[in-house]
Amino acid sequence: MTLSTQFFTMIAMIFMGGWLGASLDTYHRFLQRSKRKYFVVFINDILFWIVQGLSIFYTLLLVNEGELRFYVFVAMLCGFAAYQSLLKSLYLRTLEYLIQTAISVYRFFLRTAELLIVKPLKLLYQLLVVIILGILNFLMVFGQLLLKICLMILKICFAPIKWIGMLTWKILPSTFTNYIENIFYKCAGFLRKVENIKPILLKWWKKIRKL
């Protein structure tokens, strides 16, 4: 391995050490361990370290074809320590500012979408509901009025028939009218008996279905 390759390897590993520190802080900021369940934290930790290991190995592969030396770990430790002592506070403030900016932009677009899309759609929906209810109310009132007119017309049309029927009934012999009335009363009594028998038949039917 040439000196230039060793030099670039050390620079790359110092950078990866700083990258590892920044990644850890970013990971902890978004994960929020206290709010997550244990198995979720465990799985995320494994995935995080797998990704970091692959990133470091890929960088090492690009720089010196994946040759691992002791100074590689020293360079990574130096980069991590430099980040912790010099850049951590600045990075955390920048990260928090970016997060809050992203949240503010998201809320702005959400409110804009609600103002320009959701509220007009709600107003349009309410207007349609009012129009439909108004039309249905008008049709109901118009239908009731039309029904009353039709009933009045039928009453006027059938009034002569009613009068003729009443006169005819009075002219008929009393024996015939009494006979018709007796038949009517018998039919009415039979219907009342059927109504009384109906609950008994329903009870029997339920018992038969349970068998």
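Colleague: Which residue does Lys88 form a salt bridge with?
Modeller: Lys88 pairs with Asp25, and the closest N and O atoms are 3.9 Å apart. This pair links distant parts of the chain: Lys88 sits in helix α3 and Asp25 in helix α1, 63 residues apart. A salt bridge here is a side-chain nitrogen of Lys or Arg within 4 Å of a carboxyl oxygen of Asp or Glu. Helices are DSSP runs of H or I with at least four residues, numbered from the N terminus.

Colleague: What kind of model is this, and what pLDDT do local features need?
Modeller: It is a predicted model: local features need pLDDT of at least 70, side-chain atom pairs count only at pLDDT 80 or more, and totals for chains, interfaces and linings use all residues. Residues are numbered from 1 along each chain as its sequence is written, and side-chain values use heavy atoms, with hydrogens and water left out.

Colleague: Back to that pair. Is Asp25 buried or exposed?
Modeller: Asp25 counts as buried, at 11% relative accessibility. Lys88 is partly exposed at 28%. Buried means under 20% relative accessible area, exposed over 50%, and partly exposed in between, using a 1.4 Å probe and protein chains only.

Colleague: How many salt bridges does a search of the whole structure find?
Modeller: Two. Glu96 and Arg29 also meet in one, at 2.9 Å from N to O. They too link distant parts of the chain, with Glu96 in helix α3 and Arg29 in helix α1, 67 residues apart. Glu96 is partly exposed at 29%, and Arg29 is partly exposed at 24%.

Colleague: Switching to rings. How many aromatic pairs are there in the whole structure?
Modeller: The search finds six. One of them is Phe48 with Trp49, edge-to-face, 5.2 Å centre to centre with 80° between the planes. Rings of Phe, Tyr and Trp (its six-membered ring) pair if their centres lie within 6.5 Å; planes under 30 degrees apart are stacked, over 60 edge-to-face, and the rest tilted.

Colleague: Is Phe48 buried or exposed?
Modeller: Phe48 is buried, at 10% relative accessibility. Trp49 is partly exposed, at 45%. Ring pairs link Phe48, Trp49 and Tyr27 into a cluster.

Colleague: How are the rings of Phe138 and Phe142 arranged?
Modeller: Their centres are 6.2 Å apart and their planes at 15°, so the pair is stacked. Both lie in helix α3 (residues 70–171), four residues apart, about one turn of the helix. Phe138 is exposed at 56%, whereas Phe142 is partly exposed at 46%.

Colleague: Pockets next. What is the volume of the largest pocket?
Modeller: About 150 Å³. A pocket is an open set of points on a 1 Å grid over the protein atoms alone where a 1.4 Å probe fits, with protein on both sides within 12 Å along at least five of seven lines. The volume is the space filled by probe spheres set on the points, which are joined across faces, edges and corners.

Colleague: Which residues line the largest pocket?
Modeller: Ile14, Phe15, Gly18, Trp19, Ala22, Gly79, Ala82, Tyr83, Leu87 and Tyr91. Lining residues have an atom within 4 Å of a point. Eight are nonpolar, two polar and none charged. Here Ala, Val, Leu, Ile, Met, Phe, Trp, Tyr, Cys and Pro count as nonpolar, Asp, Glu, Lys and Arg as charged, and the others, Gly among them, as polar.

Colleague: Which element has the lowest mean pLDDT?
Modeller: Helix α4 (residues 174–210), at 68, while α3 has the highest, at 87. The chain mean is 82, and 86% of its residues reach 70 or more. pLDDT is the predictor's confidence in each residue, from 0 to 100.

Terms used
Helices (H or I, at least four residues) and strands (E, at least two) are DSSP runs, numbered from the N terminus.
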